[in-house]
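Here is a short report on one protein model. It goes from the overall fold to single residues.

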Amino acid sequence: MGIYIDNKGKAQKVANLAVLMSQLLLESGAEVYRVEDTGFRICNSCKGIEDVNVFVTTNMIMVSFLYYNENIMAMRRVKNAGTNLKVVSEINQLSRKFVNSVIHIDMAFKEVEEIRRKTKIESLHKIIGGAFAAGSSTFLFGGNWKESVIAFIIGIISLVFLDKISKLNYSFFIENFSTAFILSFCASFAAALGIVENQNSIIIGALMPLVPGVSITNAVRDLMSGDVLAGISRISIAVFTSAAIAIGVGTALILFIQGGLL
């Protein structure tokens with residue numbers, strides 16, 4: 001098992017492939033120990049490569065190994081992270097195929113780019129799915145059919161906005177604050193117009209796609225795996241994300257209450 005590496009250029013390709021696949025995993029919400037394990041297995045499966053080291057934090061990936069006593073290294077800074085479990089599953093399958101020599105290096109790069117391309121297309125699916133989650137969650141908090149429909153519409157508006165603003169490379173705090181402000185403003189505006197009687201269930205339902213539940217779960221799993229730095233970092237991000245959402249919702253409500261519209 002394992003691909004034979006017969007030159008330094010191919011060894012560097014292996015390092016770049018490990019970093020690229022690790023980046024997609026980290027950007028898609030995978031746990032740090034999973035990212036490190038994937039990068040390690042990709043490099044360690046190749047013949048001629050030894051002393052593999054992979055170090056991953058929530059925003060940095062570093063891979064190094066020895067190729068006939070010559071150090072090969074690759075690293076990548078990860079700025080944007082979200083949740084896409086389909087990408088995590090596809091990268092895991094691809095890494096297994098590579099480790100078992102089912103595909104060669106160049107084919108692996110092509111499949112990684114195909115996964116990346118499909119990720120961009122699937123943003124529409126995430127928006128629609130998030131909107132349905134917003135609408136259905138409204139029932140759990142005492143909403144009726146009318147409020148559920150309004151939450152669905154507001155969910156689409158807020159998630160489209162989040163998709164657009166995330167491409168501008170603002171901080172996650174600004175992105176979540178502004179998205180929460182918009183959805184709270186829209187729900188309060190609907191209540192002020194008399195379309196709905198209770199905007200609270202709409203706001204809570206529309207917030208569900210923004211709640212950092214996966215981040216908190218991964219943070220706990222990282223801590224249990226011994227990745228203390230990554231676990232604490234993710235918990236901190238989840239806390240600040242929750243704070244941004246609360247401040248955004250509260251700001252919109254204060255504007256309407258002080259204006260006498262609610």
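## Overall layout

This is a predicted model. The protein has 10 helices and 3 strands. From the N terminus, the elements run α-α-β-β-β-α-α-α-α-α-α-α-α. The C-alpha trace spans about 75 × 30 × 30 Å along its principal axes. Of the 262 residues, 43% count as buried. Take the contacts between residues at least 6 apart in sequence: 67% of them join residues at least 24 apart.

## The sheet

The 3 strands form an open sheet in the order E1-E2-E3, with antiparallel pairing. E1 and E3 (70–77) stand at the edges. Each has a single partner strand, so one side of each lacks a neighbour in the sheet. On average, neighbouring strands are turned by 10° against each other, direction ignored.

E1 (residues 49–57) and E2 (residues 60–67) pair over 7 bridges in the antiparallel sense. The two strands form a hairpin, with 2 residues between them. E2 and E3 pair in the antiparallel sense over 8 bridges.

Which residue of E2 does asparagine 53 stand opposite? The residue is serine 64. Serine 64 also stands opposite methionine 73 in E3.

Helix H2 (residues 32–44) lies across E1 and E2. H2 runs at about 160° to E1. Its 13 residues should span 18 Å at 1.5 Å a residue, and the end C-alpha atoms are 18 Å apart, which agrees.

The buried residues of H2 are Val32, Val35, Glu36, Thr38, Gly39, Ile42 and Cys43. Seen down the axis of H2, they fall within an arc of 160°, so they line one face of the helix. An α-helix has 3.6 residues a turn, so residues three or four places apart point the same way. What covers the buried residues of H2? The cover includes E1 and E2, along with helices H1 (8–27), H3 (85–99), H9 (213–224) and H10.

## Helix H7

Helix H7 (residues 172–192) has 21 residues. At 1.5 Å a residue they should span 30 Å; the end C-alpha atoms are 30 Å apart, which agrees. Buried residues of H7 include Glu175, Asn176, Leu183 and Ala187. The buried residues of H7 pack against H6 (145–166), H8 (199–207) and H10 (228–258). After H7 comes glycine 194, with a positive phi near 85°.

## Cysteines

How many disulfides does a search of the whole structure find? The search finds 0. Cysteine 43 is in no disulfide: the nearest cysteine sulfur, that of cysteine 46, is 6.9 Å away. Cysteine 43 is buried, with a relative accessible area of 0%. Cysteine 46 is buried as well, at 3%.

## Single residues worth a look

Most residues other than glycine have a negative phi. Aspartate 51 has a positive phi of about 55°, although it is not a glycine. Aspartate 51 sits in strand E1. Serine 101 also has a positive phi, of about 60°, and is not a glycine. Serine 101 lies in the loop between H3 and helix H4 (105–121).

Methionine 75 is in strand E3. Leaving aside neighbours within four places in sequence, methionine 75 is in contact with Val19, Met60, Ile61 and Met62.

| Residue | Relative accessible area | Class |
|---|---|---|
| Aspartate 51 | 49% | partly exposed |
| Serine 101 | 33% | partly exposed |
| Methionine 75 | 46% | partly exposed |

Definitions and conventions
Residues numbered from 1 in each chain as written. Predicted model: local features only at pLDDT ≥ 70, side-chain atom pairs only at ≥ 80, totals over all residues. Heavy atoms only, no water. Disulfide = S-S within 2.5 Å. Buried < 20%, exposed > 50% of the residue type's maximum accessible area, 1.4 Å probe, protein only. Pairing = 2+ DSSP bridges. Helix = DSSP H or I, 4+ residues; strand = E, 2+ residues; numbered from the N terminus. Expected span 1.5 Å × (residues − 1). Contact = heavy atoms within 4.5 Å. Axes fitted to C-alpha atoms, helices over the stretch in contact; angles between N-to-C directions. Arc of directions from axis to C-beta.
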